[in-house]
Structure formats: C-alpha cells, structure tokens
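Please keep the sequence and the structure at hand while reading.

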Amino acid sequence: MHRAFPLIGLAVLLQAAAPLRAADVQPRLAGDTRIHDPSVIEVDGKYAAFGTGEQGLYRGAIKVKTSADGVKWTDAGAIGKGVPKWAEETLGFQPTNIWAPSISRRGGTFFLYYCLSSFGSNASAIGLMTSTSFDPAKPGEGWQDRGLVLMSSEKDDFNAIDPFRIDTADGRAYLVFGSFWSGIKLTELNPETGKLIGEAAPVIALAGRHGGAIEAPSLLEHDGKFYLFVSFDQCCKGVASTYNIRVGRADRIEGPYRDRDGKDMGDGGGSLMLATTGRFIGPGGQEAVKTSTGDWLAFHYYDGDDAGAAKLEFSPLAWTSDGWPELGPLPQ
C-alpha cells in the first residue's frame, strides 16, 4: 500500500529547527515532478526547480518547475528560447539542448549556470545567466545571458559540464564541475560577476575514478567542514541506469576529500548515500541546497513504476553524531 507524505507533516517539518533523524522517511512528492539534473532554490518560502532541457521541447531550453511547499510541483515552462547564440561559434557545433543548470543567489543577484556539450565528448562549455528580479512564481522571466564562463576541448583531460557554485562563509565563491575524464575540478569565481576570478585562475582536482564514471558534483559547507556530493556510474538510461550518490568530507574547500573509511576521493573514494531502491532507480544528478529549514538534497531518479521517467526527489539531510550527512528511507 502506498502511503502519501501528509502535507501537515511537512508543515511541521518545515517549522522544526532541528534536522530530521536518519530514520524519518523522505517526503513523497506530488504533481509534475518530471525533471533531470535538478537544481532547487527557495525564495521567500517558495521553491523553483531547474532541469536539463529536452531535445525538441522549447528548443532544448532549461525546464522549470515551481512549488509553494516543496512537495507539490507544477510545470512552469522553460527559460528563453533554447541554446544560446554563442554556443555554435564557441564549440564548433550546435548543441541540441542545455544541460544541468544550477541556480544560486548572492545578495540581490541570482546566478544560473548551465552547460553545453554532446554525449561522449569533452568539447563542452559552461555558461551563465543572471537575474536581479527573480520571482519564484515566474521563474522563466528576467534572465540575461552572460555568455561563456569556462570551456574544455578534446585536447583537455577534463570535461566542463555539471557546474555548481558555492558561496563560502568567508565571502568567496567557487565553481565545482566535471564528468568522467580526470574527474571533478574546482576553480574560484569573482563573487559579483560570477565569472572566473582571473584568466589564470587555478583549477584544482577534487575527485576522480581514473577515467571512470563520476559527475554531478556539488559542495556544502556545514559546521566548518566541506562536503562533496557526486554521482557514480551511469545516468540517462531509464530503468537500466546505475547512478548512485556518494559523498566525501574535507577541512578545506580545496580538499583533500575523504570518505567515511578515509579513502581519498581523488583515488576513487566516496561513501555511498543512496543507490537503486525499489522503484527509485539510479538516483543521482544531485545538488545540496541550503534552505530556511536546513540542508536538503535535490536529486533525480528513474521511476520504475512509470517506464523509467526521470523525476525529482527533494529531501532533508540528517546529520550523524560524527558529522556525516544521511538521507532517510525513500517513500513507498
């Protein structure tokens, strides 16, 4: 028997000052939750989720969902009219859709990073849109494209996709990114413009699997430490997907990041947080989200009860006594 997560229970949860215990069941989302590579933001108690564009729909533009409570979601269309004009000239080919958007806020400016590429290639680019008038009820409006932030070519040993921005407690800003090849990288941003802090900004290696499948990085600062979330293995194959969510921890944003067993994430380490469970197949594409009620994790999974459709899960993070993030059981 399926049990819906009661809305009144969520209201209590959102008002609670303490994080959930690891044993508490994750929220059961409702409405239109179809999304891939979700990035969620809370503004004035309302939520918006941004995801990878679909080929042939809105010309591949970033898809958007909205929610008044973080549980029931509604489709809100897309941002813009598709792939930006600068893409073809910069990359040498025309991408068919925009991948893995990531939204963040600094002061009154909202930053929306995104990537452009094609499967199996590291000829890729990360771009940026900004807005100073973002309205979570109308998330597709008010964005201005700021162009290229970072790119990679087939001559590079990294892949400039899956961007995520973190603004740290000391006022600095960083971009973490990467997929396959030599793994996950970190570079510093100008916190106001959102672009690289300089042309020669160092690129620091954080995690890798010696060319194996690792991607979708995001960073979370919590109690003086930094946590790196990544996805291992294969996405984008519906019910055949093998994605799983991993995490490591460091004392400094530059690393080294180690898992709960002490293994360096630069050498394939990463503690398992969530893998395929029941109808929740291949969970991944995750992002850590800071909200007014604590730290949450947004991720997608492929619904085994709905022909492998990619759907959103948005869940609070619990913290163990020794400082590790955990997710409660998935809803039935």
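Strands E15 (residues 211-222) and E16 run antiparallel and are joined by seven bridges. The model is a predicted one. Across this pairing, Leu 220 stands opposite Tyr 227 of E16. Two residues lie between the strands of the E15 and E16 hairpin, where Asp 223 takes a positive phi near 50 degrees.

Strand E16 also pairs with E17, again in the antiparallel sense and over seven bridges. In this second pairing, Phe 226 has Ala 250 of E17 as its bridge partner.

The largest nonpolar core has 21 residues, and the members that touch the most others are Phe 50, Phe 134 and Trp 143. At least two residues of this core come from each of strand E2 (39-43), E3, helix H2 (86-91), strand E7 (109-116) and E8. Strand E7 gives the largest share, four residues.

Which residues does Trp 143 touch, leaving aside those up to four places away in sequence? The contacts of Trp 143 are Phe 50, Ile 79, Ile 103, Phe 110, Phe 111, Leu 112, Met 129, Thr 130, Ser 131 and Phe 134.

**Aromatic rings**

Twelve aromatic pairs are found in the whole structure. One of them is formed by Phe 50 and Phe 134, a tilted pair with 6.1 Å centre to centre and 40 degrees between the planes. Phe 50 is in strand E3 (residues 46-51), and Phe 134 is in the loop between strand E8 (124-131) and strand E9 (144-152), so this pair links parts of the chain 84 residues apart. Phe 50 counts as buried because its relative accessibility is 0%. Phe 134, at 8% relative accessibility, counts as buried as well.

Phe 50 also pairs with Trp 143: the ring centres are 6.4 Å apart and the planes lie at 85 degrees, so this pair is edge-to-face. Here the link runs from strand E3 to the loop between E8 and E9, where Trp 143 is found, over 93 residues. Trp 143 is buried, as is Phe 50. Ring pairs join Phe 50, Phe 110, Phe 134 and Trp 143 into a cluster.

Charged side chains also lie over rings. The charged end of Arg 165 sits over the ring of Phe 111, 4.0 Å from the ring centre. Over the face of Phe 232 lies Arg 209, at 4.0 Å from the centre of that ring.

**Salt bridges**

Side chains of opposite charge can pair when their charged atoms come close. The count of salt bridges comes to 17. Three of these pairs are listed here.

| Salt bridge | N to O distance |
|---|---|
| Glu 192 and Arg 106 | 3.3 Å |
| Arg 172 and Glu 188 | 2.9 Å |
| Asp 322 and Arg 260 | 3.8 Å |

In the salt bridge of Glu 192 and Arg 106, Glu 192 belongs to the loop between strand E13 (184-189) and strand E14 (204-207) and Arg 106 to strand E6 (residues 99-106), so parts 86 residues apart in sequence are tied together. Glu 192 counts as exposed, at 54% relative accessibility. Arg 106 counts as partly exposed, at 24%.

In the salt bridge of Arg 172 and Glu 188, Arg 172 is in the loop between strand E10 (164-167) and strand E11 (173-177) and Glu 188 is in strand E13, 16 residues apart. Arg 172 has a relative accessible area of 37% and is partly exposed. Is Glu 188 buried or exposed? With a relative accessible area of 16%, Glu 188 is buried, because the cut-off for buried is under 20%.

In the salt bridge of Asp 322 and Arg 260, Asp 322 lies in the loop between strand E22 (318-319) and strand E23 (325-326), and Arg 260 in the loop between strand E17 (244-250) and strand E18 (271-274), so the pair ties together parts 62 residues apart in sequence. Asp 322 is partly exposed at 43% relative accessible area, and Arg 260 is partly exposed at 41%.

Salt bridges also link Arg 34, Arg 279, Asp 303, Asp 306 and Lys 311 in a network.

Notes. Residues are numbered from 1 along each chain as its sequence is written. This is a predicted model: local features need pLDDT of at least 70, side-chain atom pairs count only at pLDDT 80 or more; totals for chains, interfaces and linings use all residues. Side-chain values use heavy atoms; hydrogens and water are left out. Rings of Phe, Tyr and Trp (its six-membered ring) pair if their centres lie within 6.5 Å; planes under 30 degrees apart count as stacked, over 60 as edge-to-face and the rest as tilted. Buried means under 20% relative accessible area, exposed over 50%, partly exposed in between (1.4 Å probe, protein chains only). A charge sits over a ring if NZ of Lys or CZ of Arg is within 6 Å of the ring centre and within 35 degrees of the ring normal. A nonpolar core is a set of buried Ala, Val, Leu, Ile, Met, Phe, Trp, Tyr and Cys residues joined through side-chain atoms within 4.5 Å. Contact means heavy atoms within 4.5 Å. A salt bridge is a side-chain nitrogen of Lys or Arg within 4 Å of a carboxyl oxygen of Asp or Glu. Two strands pair if DSSP finds at least two bridges between them.
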